Amino acid sequence: MVDARGLSCPLPVVMVQKEVNKTAPDELEVLVDAKVCVENVTRFAASCGYAVTVEETDGEYKMILKK
């Protein structure tokens with residue numbers, strides 16, 4: 001799980017990239033609190049072959065990346 005709440009881009013994308021490169025997970029949960037982070041992480045994840053689902057709760061986003 002990557003908790004990038006409170007961080008602005010590109011840090012959430014960098015954190016997800018490091019986790020993907022380190023563990024190559026089939027599924028990864030990412031927490032962010034900005035719509036622009038959702039868009040940027042989604043774009044990166046898609047380039048790595050992940051499908052992304054997003055749940056929003058009170059301005060926070062839970063992203064699930066699945067291979």
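Select valine 20 to begin: apart from neighbours within four places in sequence, valine 20 is in contact with Pro25, Leu28, Phe44 and Tyr50, where contact means heavy atoms within 4.5 Å. Before going on, note that this is a predicted model, in which local features need pLDDT of at least 70 and side-chain atom pairs count only at pLDDT 80 or more, while totals for chains, interfaces and linings use all residues. Residues are numbered from 1 along each chain as its sequence is written, and side-chain values use heavy atoms, with hydrogens and water left out.

**The core**

Buried means under 20% relative accessible area, exposed means over 50%, and partly exposed is in between, with a 1.4 Å probe and protein chains only. Helices (H or I, at least four residues) and strands (E, at least two) are DSSP runs, numbered from the N terminus.

**Leucine 65**

Next, pick out leucine 65, which is in strand E4. Leucine 65 counts as buried because its relative accessibility is 1%. Leaving out residues up to four places away in sequence, leucine 65 touches Val16, Asp26, Glu27, Leu28, Val30, Ala45, Tyr50, Ala51 and Val52. Draw a distance from leucine 65 to alanine 46: the two are 19 residues apart in sequence and 9.0 Å apart in space, C-alpha to C-alpha.

**Helix H2**

Select residues 35-47. This is helix H2, with 13 residues, and it reaches 19 Å from its first C-alpha to its last, close to the 18 Å expected at 1.5 Å a residue. The expected span is 1.5 Å times one less than the number of residues. Which residues of H2 are buried? They are Cys37, Val38, Asn40, Val41, Phe44 and Ala45. An α-helix has 3.6 residues a turn, so residues three or four places apart point the same way. The cover over the buried residues of H2 includes helix H1 (11-23), strand E2 (27-32), strand E3 (51-57) and strand E4 (60-66). Following H2 is glycine 49, with a positive phi near 90°.

**The sheet**

Now show the strands. Four of them form an open sheet in the order E1-E2-E4-E3, with mixed pairing. Two strands pair if DSSP finds at least two bridges between them. E1 and E3 are at the edges with a single partner strand each, so one side of each has no neighbour in the sheet.

Zoom in on E1 and E2, which pair in the parallel sense over two bridges. Aspartate 3 has leucine 31 in E2 as its bridge partner. Also in strand E2 is glutamate 29, which counts as partly exposed because its relative accessibility is 28%. Not counting residues up to four places away in sequence, glutamate 29 touches Met1, Val2, Lys62, Met63 and Ile64. Between glutamate 29 and glutamine 17 there are 13 Å in space, C-alpha to C-alpha, and the two are 12 residues apart in sequence.

Move to E3 and E4, which run antiparallel and are joined by seven bridges. Glutamate 55 has lysine 62 in E4 as its bridge partner.

**The loops**

Stay with E3 and E4 and select aspartate 58. The hairpin of these strands has two residues between them, and aspartate 58 takes a positive phi near 50° there. Aspartate 58 is exposed because its relative accessibility is 77%.

Go to alanine 24, in the loop between H1 and E2. Its phi is near 45°, a positive value in a residue other than glycine. Is alanine 24 buried or exposed? Alanine 24 is exposed, at a relative accessible area of 54%.

Then select cysteine 9 and proline 10, which are joined by a cis peptide bond with omega about 15°. Proline 10 is in the loop between strand E1 (2-3) and H1.

**Last stop: a ring**

Finish at tyrosine 50. Lysine 67 lies over the face of this ring, at 4.7 Å from the ring centre. A charge sits over a ring if NZ of Lys or CZ of Arg is within 6 Å of the ring centre and within 35 degrees of the ring normal.
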